[in-house]
Amino acid sequence: MCPRPGLKDGADERITPTAADETARLLPHQSPSEVEAAAQAVLATLQSPGLPTLLGALRGAAMSPQPERELVELAANWTGGFAEIRASWGDTVASAGRAAGPTETTRLDHHERHVGTLTAALPAQWQVLIPVLAEYALLARLRSAAAGAARRRVGERMLDALLSGQGDDALNGLGREPFALAVATLPPQASAQDQALDLLAAVGEGYFSERRLVGHSTVRTGRQGGMAVWLWTTLDLSREARELHLSLTSSTALDVRLGVSGRQAGGAREGVTGVQTALTQARQALLATQHTRAYTVFHEMDALHTLISDGSLSVLAAQVNAQLDTLGDDGRTADTLRAYLSHRGTLSELAATQDIHVNTLRYRLRRAEEVLGGRLSDPALLARLYLAFRTETV
């Protein structure tokens, strides 16, 4: 028969005044009724004759080769309820049993790192076990992460070689599957950045491992800051990029920006060249990621952003602004041109939005054409204006 938590026969159903006073002293912000209920639950558990057996079984499950699976199966078999462990990004790691009570979800954190959640729906007499089960679930998640760390070191050396332009044969480990590469950075002012990036690398590799995707990670440092890097075989790049970013942001409160390459052809034929191409694309996507805690995939990014943001068009912007400044109208014509480029309706509609007469609008546009040396019907002039004005907003 499964041991059940509860008071021994004849045990006092009220906690002693001494225990109550001590508990109230330790929990001054809780109401007396909540303190007594918590203390009763603890006493009931401690007085259970099957407690050593239960804790031994939980410890054995958490120390097994597949700790999450063993733990939820043990919980379901002992209680007749339901238990499930999920990764920080939401994937189910292990699940067993059927709901037999209210559902309770506990976040699993270790030193401010989110490593997953435990969801349990146990019978009423077993619900006191949930906090204990959560601690063992946290231990199980940490043990799985530690086991993956040893595997990660091998992949880290291989990936470092590929990123350095060596180790061409290392791609054979990915088979002939298409692959992708991603890079992530943290704010330069983040404390212990190398340690934080190493944590990100481990979280990302854990995501790929639990998705049954071959993947490797490493951390690269440089004068302009470090970055975490992942290389993996891809099946659905858009979904993987979204879920990878979710797993990273779920593991830290720091602002994580992620750039993801396009899908690269599989096999060793492309060798290091393919990895270098993927690294370049991922870095470009990272540069195009303008918001904090955001990500960009190379084939989905605004290609003009890289050209505009690297300063290549600063000369063009300065030239256009200098030409328009000769009008001496405090920038009114320049503002009208910016509105004109983004407007899709008639000139009358544009004039109304600018709160000017349509003839004033036409006059400003003609004056702009004169100083710019072209007509606004010319696609080349429109392109110059578009790029010049976009440069000002980056």
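These legends describe close-up views of a predicted model. Local features need pLDDT of at least 70 and side-chain atom pairs count only at pLDDT 80 or more, while totals for chains, interfaces and linings use all residues. Residues are numbered from 1 along each chain as its sequence is written, and side-chain values use heavy atoms, with hydrogens and water left out.

View 1. Strands (E, at least two residues) and helices (H or I, at least four) are DSSP runs numbered from the N terminus. Strand β1 covers residues 82–86, and 4 of its 5 residues are buried (under 20% relative accessible area, with exposed over 50% and partly exposed in between; 1.4 Å probe, protein chains only). Two strands pair if DSSP finds at least two bridges between them. β1 runs antiparallel to strand β2 (residues 92–97), to which 5 bridges join it. The β1–β2 hairpin has 5 residues between the strands, and Gly-90 there takes a positive phi near 105 degrees. β1 also pairs with strand β4 (residues 113–121) in the antiparallel sense, over 5 bridges; Phe-82 stands opposite Ala-121 in β4.

View 2. Glu-84 counts as buried because its relative accessibility is 11%. Glu-84 stands opposite Ser-95 of β2, and the side chains of Glu-84 and Ser-95 make a polar contact of 3.3 Å. A polar contact is a pair of N or O atoms within 3.5 Å; within protein, one must be able to donate a hydrogen and the other to accept it, and residues adjacent in sequence count only if both atoms are side-chain atoms. Beyond neighbours within four places in sequence, the residues in contact with Glu-84 (heavy atoms within 4.5 Å) include Val-72, Thr-92 and Leu-118.

**View 3. The cluster of Tyr-207, Phe-208 and Trp-232, linked by ring pairs.** The whole structure holds 2 aromatic pairs (ring centres of Phe, Tyr or the six-membered ring of Trp within 6.5 Å; planes under 30 degrees apart are stacked, over 60 edge-to-face, the rest tilted). Phe-208 and Trp-232 form a stacked pair, 4.6 Å centre to centre with 20 degrees between the planes. This pair links distant parts of the chain, 24 residues apart: Phe-208 lies in helix α6 (residues 193–210) and Trp-232 in strand β7 (residues 227–233). Both Phe-208 and Trp-232 are buried.
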